[in-house]
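Hello,

Here is the structure I promised to pass on to you. Have a look at it first, and then read my notes below.

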Amino acid sequence: MPESSVSHLLGIMAQLRDPNGGCPWDVEQTFATIAPHTIEEAYEVADAVEHGDMAALKEELGDLLLQVVFHAQMAREEGHFSFTDVVLAISDKLVRRHPHVFGEAHVATAEEQVQAWEALKAGERASGDKGAADGAPKRPSALDGVATALPALTRAHKLGARAARVGFDWADVAPVLEKVEEEIAEIRTELGAAEPAPDRLRDEVGDLLFACVNVARKLKVDPETALRHANAKFDRRFRQVEDLLAEKGLTPAQSTAAEMDDLWRKVKEMGENR
């Protein structure tokens, strides 16, 4: 991209944020109000990739770039950093974390590169630790750097992978499936109590979901992608059930659960037989 194109985009954003003559909505925004849009645009990029839609991907990447520009403009206004600082920072990081490309280091495989990358990140985190309140150095952890703001499924996957790198893992998927069954049994036990505790149920369901994520990790399946596929499948099949009901002059609200379940099974069989 020509430098003039980037400058043009930065100029547009600065004008939109100008209190004198800019867009009132853009002027009112803060880091906090824009952050949800940034997350949403990242998911839109992932969706375009999922569908192999290159036209949509081009547009969504532009929308995501706008989010970076928006944050950088607000930061520049407050004297924190500029878009140029963002570019220089990521450029420096890429060079620093690829010594086998820009330096004298050597890696033979992608797996070796992942290990070297993690080691470099661990070193950066260690050097950046501010220490505890009493001045004592902060104890490093294999889980350092796994952001708490990540979607829960993604964070669970990353936490499991980090722990696995230091040997805290199951040998294969079989015992993880047993763990899933164990967590289901614990939910049943809680439900069997005279007064099931909401907090306990929440925790047990959380444990079940975490175990399921570890099943996905052992099978080398991305849990977010898997759940997106499941969501899309449910959406498609339920709409087909609604269509079949409509042919009978009915809506879901006018039908019984048993009737809809029968139609669901038919829709599922139709899909599997195609």
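**What I found**

Leaving out residues up to four places away in sequence, F238 touches P252 and W264, where contact means heavy atoms within 4.5 Å. Before I go further, please keep in mind that this is a predicted model, in which local features need pLDDT of at least 70, side-chain atom pairs count only at pLDDT 80 or more, and totals for chains, interfaces and linings use all residues. Residues are numbered from 1 along each chain as its sequence is written, and side-chain values use heavy atoms, with hydrogens and water left out.

**The aromatic cluster**

F238 lies in helix α11; helices (H or I, at least four residues) and strands (E, at least two) are DSSP runs, numbered from the N terminus.

How many aromatic pairs does a search of the whole structure find? There are two. Rings of Phe, Tyr and Trp (its six-membered ring) pair if their centres lie within 6.5 Å; planes under 30 degrees apart count as stacked, over 60 as edge-to-face and the rest as tilted.

F234 and F238 form a stacked pair, at 5.9 Å centre to centre and with 10 degrees between the planes. Both residues lie in helix α11, four residues apart, which is about one turn of the helix. F234 is partly exposed, with a relative accessible area of 49%, and F238 is also partly exposed, at 29%. For these labels, buried means under 20% relative accessible area, exposed over 50%, and partly exposed in between (1.4 Å probe, protein chains only).

F234 also pairs with W264: the ring centres are 5.3 Å apart and the planes stand at 40 degrees, so this pair is tilted. It links distant parts of the chain, with F234 in helix α11 and W264 in helix α12 (residues 257-272), 30 residues apart. W264 is partly exposed at 22% relative accessibility. Through these ring pairs, F234, F238 and W264 are linked into a cluster.

**Where two helices cross**

Helix α11 (residues 223-247) also meets helix α3 (residues 31-50): their axes come within 12 Å and cross at roughly 70 degrees. Axes here are lines fitted to C-alpha atoms, for helices over the stretch in contact, and angles run from 0 to 180 degrees between N-to-C directions. That makes α3 roughly perpendicular to α11, as angles of 65 to 115 degrees count as roughly perpendicular, under 35 as roughly parallel, over 145 as roughly antiparallel and the rest as oblique.

Which residues meet there? Y43, A46 and E50 in α3 meet E224, T225, R228 and H229 in α11. The residues of this contact divide into two nonpolar, two polar and three charged. In that count, Ala, Val, Leu, Ile, Met, Phe, Trp, Tyr, Cys and Pro are nonpolar, Asp, Glu, Lys and Arg are charged, and the others, Gly among them, are polar.

**The nonpolar cores**

The largest nonpolar core has seven residues: M13, I34, V69, F70, A72, M74 and F83. Such a core is a set of buried Ala, Val, Leu, Ile, Met, Phe, Trp, Tyr and Cys residues joined through side-chain atoms within 4.5 Å. Helix α4 (residues 54-77) gives the most to this core, with four residues. A72 touches F81, S82 and F83, again not counting residues up to four places away in sequence. A second, separate core has six residues, including V176, V180, A211 and V215.

**A few single residues**

- A156 lies in helix α8 (residues 152-165) and is buried at 9% relative accessibility. The C-alpha atoms of A156 and F210 are separated by 6.3 Å, although these residues are 54 apart along the chain.
- E204, in helix α10 (residues 198-218), is buried, with a relative accessible area of 3%. Leaving aside neighbours within four places in sequence, E204 is in contact with E183, E186 and I187.
- K220 sits in the loop between α10 and α11 and is exposed, with a relative accessible area of 78%. Phi of K220 is near 60 degrees, a positive value in a residue other than glycine. Most residues other than glycine have a negative phi.
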